[in-house]
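User: I would like to learn how to read the features of a protein model. Please take them one at a time, with the rule before the case.

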Amino acid sequence: MLPFVVSQYQLDFLIFLLINVIVVASYRLITTTGEFSLGHVVMMGSGAYASAILTKQAGLSPWLSMPLGGVVAGLLAYLLSFPLFRMKGFYFLIGSFAAGEAIRLCWNRFREPFGGPKGIKLIPAPELGALNIGAAFNYYFFTLIVVLVSLVILYRIERSRIGLIFNAIHWRDVLAESVGVHTWRYRMLALVTASFFVGIAGALLAHYIGTINPNRFGLAIMLYVLVWVIVGGTNTFYGPIIGVTVLSVIDEFIRAFEELRPLIYGGILIATVRFLPQGLESLPQRLLGWWRALRRQALPAEGPPSPRSDSDRSPP
Amino acid sequence: MTSLIIQTVVNAFVSSSFAALMAVGLVMIFGVMRVINFAHGELYMVGAYTVWYLYGENELPFFVAVIAAIALVGVVGLLMERTLFRPMRGNPLGGLILSVGVLFILQVLAVIIGGRGLMKHIPPALEGQWDVFGIEGVSVPFQRLVVIGVAVFLLALLWLFLKRTKLGWALRATAQDPEAALLQGISINKASLLAMGLGAALAGAAGGIMAPLVRVDPAMGHAAIITAFIVIIVGGIGSLEGAVVVAVLYTFFHTFVTTFLDGTLASIFGLVLLLVVLTIKPTGLFGKGEKH
């Protein structure tokens, strides 16, 4: 029950963290099929823009426009999956970046209805009867509920037959295809589902801060998301969530040196890839492994050899 | 109207020079090491900062500053290969992610050294202009001709190096087939160092010669890397000639659309073009397809 004991400022921090948890958890769904996208943050922006425009210009209630934001992001991902999934690896990475950047530049270029470089302002927060959900305290619980529901659904997908197929496509796509898996369709399904959830995250962000503009969804932010996911590790469901939590807390400690943030992110990223390639999620196992190795050195002939402590899955 | 078109053509050639230097460097790095260097735009930025610092602030001769930029960025490239890309060999995605780390670090270093938000005033090294064929109202500042001249000179030098020297052959052999090259006694470590050093140096050169013409700030690598990506993907990621040809074609297209419509639209068209090419022929127009 954190919100009862923290300040307004810390409440903001928690809300942004929760929103970012959806961003990384949905991103992981794409990585389970073996692809790394650079368009995810733009999909988040699509949800934010769609929800803001539907609320402000079509006069819809935020309760309706926020899920529709997710739907719009999912539809956009569906359309993009036709060109993008002809590509793999590098080409997919750069293709997703190009698609995202083109969409983002459209927000910048076209004042109607996207508001140009200044974006959209005064996006109303949802209301529930007399209750103003936009107040930080209430919005925290609202966001918490949305995040928990999203995480449960994402987790269920991963544990389902579909999740297993994603995994099969990741490690042996040709083999998967040869046993009758329509790989294109499943890749598309992963991208669309992930985009739907990140679109919801974008809508949550838009209706809380009230102002969105193209720079909020630029390459720099996308690279931060990539750092969160890589540092946390992509082999488990909780890895990216650990990554975003740890790095957000570090962000708070270095708030006085905001300018140095990319330097610290870059350093952490390089250190992780070089020395902990499976991410923070593998740290306990690694520590255990080192400790065992140390003990074995200290007591050379003791008991059977310890089992391999490495994760059974290798990095991509 | 004629004058505007001629001016635009010259501007397009200036952009081509910069884009070709960037793209050829990226293609060389990719060819030998199979890594996309995401920090290439930041190497370009470091080149521009070097010229700003040495020539703009400390009044060293322009060409000395450019040579220093080439050398400094080349050394940064060597360091990146030795400490980051080499341990990641065989893991292209790992290399790419490490280069993202470098991107972040170089951006912050630029802010620390140069300060944020200040327009860097870099005076042109050569005053005066060339009146094109004496046509009324058509003139090209010498500074722009310098960019074109330096780029053509460097690319010609690189071409001679790759085609006429043993080291150049070794580099091309490694790009073609690393294992066969290894069997011929070519050290992949040395070839990678060479490719990364040369590729980075070209980015440094691009930044150095462009510095007096563009806005020098820590984020300038962003637009540069987008242009370079479009060029290398459309040109086929393994083809140096393709990169140069597409650099010229694409920057002409981009400059003309920018002049007669607007810059953002030009970039949107470019990105859509990139997607279309990737969709139709994922190895690029000049690419030969990758060996598995």
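User: Which residues touch the most other members of the largest nonpolar core?

Analyst: The general idea is that in soluble globular proteins, nonpolar side chains tend to be buried together. A nonpolar core is a set of buried Ala, Val, Leu, Ile, Met, Phe, Trp, Tyr and Cys residues joined through side-chain atoms within 4.5 Å. Buried means under 20% relative accessible area, exposed over 50%, and partly exposed in between (1.4 Å probe, protein chains only). Here the largest core holds 188 residues, and Ile212(A), Phe217(A), Ile36(B), Leu43(B), Phe229(B) and Ile232(B) touch the most other members.

User: What ground rules apply to this model?

Analyst: This is a predicted model: local features need pLDDT of at least 70, side-chain atom pairs count only at pLDDT 80 or more, and totals for chains, interfaces and linings use all residues. Residues are numbered from 1 along each chain as its sequence is written, chains are lettered from A and ligands numbered from 1 in the order in which they are written, and side-chain values use heavy atoms, with hydrogens and water left out.

User: Which residues is Ile36(B) in contact with, leaving aside neighbours within four places in sequence?

Analyst: Contact means heavy atoms within 4.5 Å. Ile36(B) contacts Phe90(A) and Ile94(A) in chain A. In chain B its partners are Phe30(B), Leu96(B), Ser99(B), Phe229(B), Ile232(B) and Ile237(B).

User: Why does Glu158(A) count as buried?

Analyst: Glu158(A) counts as buried because its relative accessibility is 17%. Arg28(A) is also buried, with a relative accessible area of 3%.

User: Which residues form a network of salt bridges?

Analyst: Glu81(B), Arg86(B) and Arg89(B) do. Within it, Arg86(B) and Glu81(B) meet at 3.2 Å, N to O. Both of these residues are buried. Elsewhere in chain B, Asp217(B) bridges to Arg215(B) at 3.1 Å. Asp217(B) is buried at 19%, while Arg215(B) is partly exposed at 48%.

User: How many aromatic pairs does the search find?

Analyst: Rings of Phe, Tyr and Trp (its six-membered ring) pair if their centres lie within 6.5 Å; planes under 30 degrees apart count as stacked, over 60 as edge-to-face and the rest as tilted. The search finds 33 pairs over all chains. In one of them, the rings of Tyr224(A) and Phe104(B) have centres 5.4 Å apart and planes at 10 degrees, so the pair is stacked. The pair crosses between chains, from helix H10 (residues 219-232) of chain A to helix H4 (residues 92-114) of chain B.

User: Which residue lies over the face of Tyr224(A)?

Analyst: A charge sits over a ring if NZ of Lys or CZ of Arg is within 6 Å of the ring centre and within 35 degrees of the ring normal. Over Tyr224(A) lies Arg261(A), at 4.3 Å from the ring centre. The charged end of Arg261(A) also sits over the ring of Tyr265(A), 5.1 Å from its centre.

User: Where is there a cis peptide bond?

Analyst: Most residues other than glycine have a negative phi, and most peptide bonds are trans. The cis bond joins Glu112(A) and Pro113(A), with omega about 0 degrees. Pro113(A) is in helix H5 (residues 111-114) of chain A. For phi, look at Leu122(A), which has a positive value near 55 degrees. Leu122(A) is exposed, at 71% relative accessibility. Arg34(B) has a positive phi too, near 60 degrees. Its place is the loop between helix H1 (2-33) and helix H2 (40-57) of chain B.

User: What is the mean pLDDT of chain A?

Analyst: pLDDT is the predictor's confidence in each residue, from 0 to 100. Where pLDDT is low, the predicted coordinates should not be read in detail. Chain A has a mean of 86, and 93% of its residues reach 70 or more. Over residues 308-316 of chain A the pLDDT is below 50, and this stretch has 15 contacts in the model beyond near neighbours in sequence.

Key
A salt bridge is a side-chain nitrogen of Lys or Arg within 4 Å of a carboxyl oxygen of Asp or Glu. Helices (H or I, at least four residues) and strands (E, at least two) are DSSP runs, numbered from the N terminus.
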